[in-house]
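Here is a short report on one protein chain. Look at the fold before reading on.

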Amino acid sequence: VSNLWQGFLSLFVEGLETKNPEIVYESAINQRVQQYQKLMKAVSGIVYLRNKLQKELEEKMAKLKEVQQQLPIAVQEGDDEVSILLIEQKNNLTADIDRIQVELEKVSQQAEDAKTSLITFQGEIEKLKAEKDSMIAKRENALAQKKIQDQLSNLSVDADVKALNGVRDSIHKLEAEVDISKEINSTSLDTKLKNIKVKTATSTAKSELEEMKKQMNVKQTQGINVEKKL
């Protein structure tokens, strides 16, 4: 179930990466801010311990200075009991100071390292914010350019299609005009040929009729001449 949930979250984040990159950046920045706040608390704890040790060291050193001033006086006055007490205090204070100095040096180094990490982490957050602004601006610019290119591409294709359709239509119209001319010319020639054939047939018939009349006249003339001779 956990794997399925992680897979769903990964797909969700991948979808956001392309559709809503600003949300992804904001989420990453917020996570780093939360980590920075946790780191700040940890650093503040280290700094508090360092300051506490520093204050304790100063108090011990001040007390040691006071004991060191009192000890010679007690020795001069011959007060062995007080002198022994002061010597024990001096030795204890010296041991405490040595221990505190070692701890303070270690904690101080930790505090410096933590502050350096904190400053670096803060710088990373600022860099990420600047990157977000830059990348979002680049994305908006790229989207605007893509939109313009798509519009220009669509306009170009539409213009080409219209131009080609116009050329095709004009060619088809020319072809139709040629076909009509051929049909008209063909019809006209056929009519003329028919008229010529009709006229030719009529002329031939008339010629045959005239020839028949001539032959009949010749025969009639010959018959009359024969009768006259008889």
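Ser83 touches Leu71, Ala74 and Val75, not counting residues up to four places away in sequence. Ser83 itself sits in helix H3, which covers residues 80-229. Its relative accessible area is 7%, so Ser83 counts as buried, the cut-off being under 20%. The model is predicted.

## Overall fold

The protein chain has three helices and zero strands. Read along the sequence, the pattern is α-α-α. Helix H2 spans residues 21-76, and helix H3 spans residues 80-229.

How much of the chain is buried? Of its 230 residues, 13% count as buried. The chain exposes about 18,500 Å². Carbon and sulfur atoms supply 57% of that area. Take the contacts between residues at least 6 apart in sequence: 80% of them join residues at least 24 apart.

## A negative patch

Which residues form the negative surface patch? They are Glu77, Asp79, Asp80 and Glu81. Glu81 belongs to helix H3. Its relative accessible area is 66%, so Glu81 counts as exposed, the cut-off being over 50%. Ser83, also in helix H3, is buried at 7%.

## A buried arginine

Arg50 lies in helix H2. It is buried, yet it has no salt bridge. The nearest side chain of opposite charge is Glu112, 4.1 Å away.

Leaving out residues up to four places away in sequence, it touches Leu104, Val107, Ser108, Ala111, Glu112 and Lys115. Two of these, Glu112 and Lys115, pair with each other in a salt bridge.

## Salt bridges within helix H3

The whole structure holds nine salt bridges. One of them joins Lys115 to Glu112, with the closest N and O atoms 3.2 Å apart. Both residues lie in helix H3, three residues apart, about one turn of the helix. Lys115 is partly exposed, with a relative accessible area of 32%. Glu112 is partly exposed as well, at 37%.

Glu103 forms another salt bridge, with Arg99. Here the closest N and O atoms are 3.5 Å apart. This pair also lies in helix H3, four residues apart, about one turn of the helix. Glu103 is partly exposed at 32% relative accessibility, and Arg99 is partly exposed at 37%.

Where does a salt bridge link distant parts of the chain? Asp96 pairs with Lys60, and the closest N and O atoms are 3.3 Å apart. Asp96 is in helix H3 and Lys60 is in helix H2, 36 residues apart. Both ends are partly exposed: Asp96 has a relative accessible area of 21%, and Lys60 has 22%. The buried cut-off is under 20%, so neither residue counts as buried.

Methods. Residues numbered from 1 in each chain as written. Predicted model: local features only at pLDDT ≥ 70, side-chain atom pairs only at ≥ 80, totals over all residues. Heavy atoms only, no water. Helix = DSSP H or I, 4+ residues; strand = E, 2+ residues; numbered from the N terminus. Buried < 20%, exposed > 50% of the residue type's maximum accessible area, 1.4 Å probe, protein only. Contact = heavy atoms within 4.5 Å. Areas by Shrake-Rupley, 256 points an atom, 1.4 Å probe, with all protein chains shown as cover. Patch = residues over 30% accessible without salt bridge, like charges linked within 9 Å, V, L, I, M, F, W, Y side chains within 5 Å. Salt bridge = Lys/Arg side-chain N within 4 Å of Asp/Glu carboxyl O. Lys, Arg positive; Asp, Glu negative; His and termini not counted. Charge placed at Lys NZ, Arg CZ, Asp CG, Glu CD.
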